[in-house]
Amino acid sequence: MSTPLIRDIEAMYLKTDLPHVVPGDSVRVTVRIVEGAKERLQAFEGVVLGLSGASTSRTVTVRKVFQGVGVERIFLLHSPRVESIKVLRHGYVRRAKLYYMRDRSGKAARLREKFVTKAQ
Amino acid sequence: MLPGCVALKRGMTQIFDEKTGDAIPVTVVEVLPMTVTQVKCAATDGYNAVQVGYVSAKAKHVSRPEQGHLTKNNLPLMRKLQEFRVVDSAAFTVGQSFSLAESNLPFEKGEKVKVTGQSIGKGFQGATKRWHFARGPMSHGSKSHRLPGSIGAGTTPGRVLKGKKMAGRMGNETVTTVGLEIVGVLPEKSVLLIKGTVPGVEGGYLTVSYHAKPGVKLKVS
């Protein structure tokens, strides 16, 4: 349950520059990784299976197939560790959660591209 | 320095650590402005304490003895009164006010506190939930699914021992959670952000006090 007070507090931690991400999008997520004293950036590129949560706990599930193995990562969208998220391509989908992609491989795992106008 | 404060539990959320980026679960606690209503000292009362009042009230909500107690010192009527034990009560005067907005409550980020509140009432509950008794087998003809089992020996002692853990009313009791870390202080909103969960319902009254002894500030590295 969210009250105005809690919304105000969460607002201080929300990012304002996030792109509009929807299921079916191909995205590149750049994550900050700290190894000892060093910090580096790592990119993860894949298809958005779905979004969940709200406000500071909003997450995005991204799936890619790496060396024949499906890899899914869940990112906290508003986390400072998520450096940037970039939408590369929009996919035409009819579901909010694309869990059926897990059962598909090869040519069946493709998504038809959706071309959107700027206004959308 | 007042060794704590009274507050309202306002709910929970998740914030991020500025340095590491870790997501931290926090309870949003609204600190209530308090007014000193009585100062007790060892010479007259046998112990050192400060009584504070909070939440302004109409006359019909305050008992006549409490009305007299407050109007005697020209204080506004307050719904709640509470005492804090202090080491030296000479530093306090009646009518003195404490609030997070006035920043005379020494809460700081990174400090550990303990939080006291009334836990959520669970009603009449069985021994499995109330006392974490193990349950019996659920199949193979067993009928003792969530039963408490034996409650004692036979002829000797011939009675059930006092304090035997059984089913009954659970929750709705005073609970103190210790060692909670303050991860944020927002004086302009009168809000403390406390890591983790605190007892009670949203909107319930809490006492937030320092982890250490009265008047002694506990620093954590």
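Strands are DSSP runs of E with at least two residues, and helices are runs of H or I with at least four, numbered from the N terminus. Two strands pair if DSSP finds at least two bridges between them. The model on your screen is predicted, so to speak of local features needs pLDDT of at least 70, and side-chain atom pairs count only at pLDDT 80 or more. Residues are numbered from 1 along each chain as its sequence is written.

**First stop: chain A**

Select residues 38-52 of chain A, strand E2, and residues 59-66, strand E3: five bridges join these antiparallel strands. Find A:Ser52, with A:Thr59 opposite. Six residues lie between the two strands of this hairpin, and A:Gly53 in the turn has a positive phi of about 80 degrees.

Click on A:Lys64 to see its bridge partner in E4(A), A:Val71. In this second hairpin, with two residues between the strands, A:Gln67 takes a positive phi near 50 degrees.

**Next stop: where the chains meet**

Show both chains: 18 residues of chain B are in contact (heavy atoms within 4.5 Å) with 16 residues of chain A. Select B:Gln14, B:Phe16 and B:Lys189, which supply 37% of the area that chain B buries against chain A (accessible area lost on being put together, 1.4 Å probe, summed over both parts), more than any other three residues.

Finally, select B:Asp22 and A:Arg81, whose side chains meet in a salt bridge at 2.1 Å, N to O (the rule: a side-chain nitrogen of Lys or Arg within 4 Å of a carboxyl oxygen of Asp or Glu).

Notes. Chains are lettered from A and ligands numbered from 1 in the order in which they are written. Side-chain values use heavy atoms; hydrogens and water are left out. Buried area is the accessible area (1.4 Å probe) that two parts lose on being put together, summed over both.
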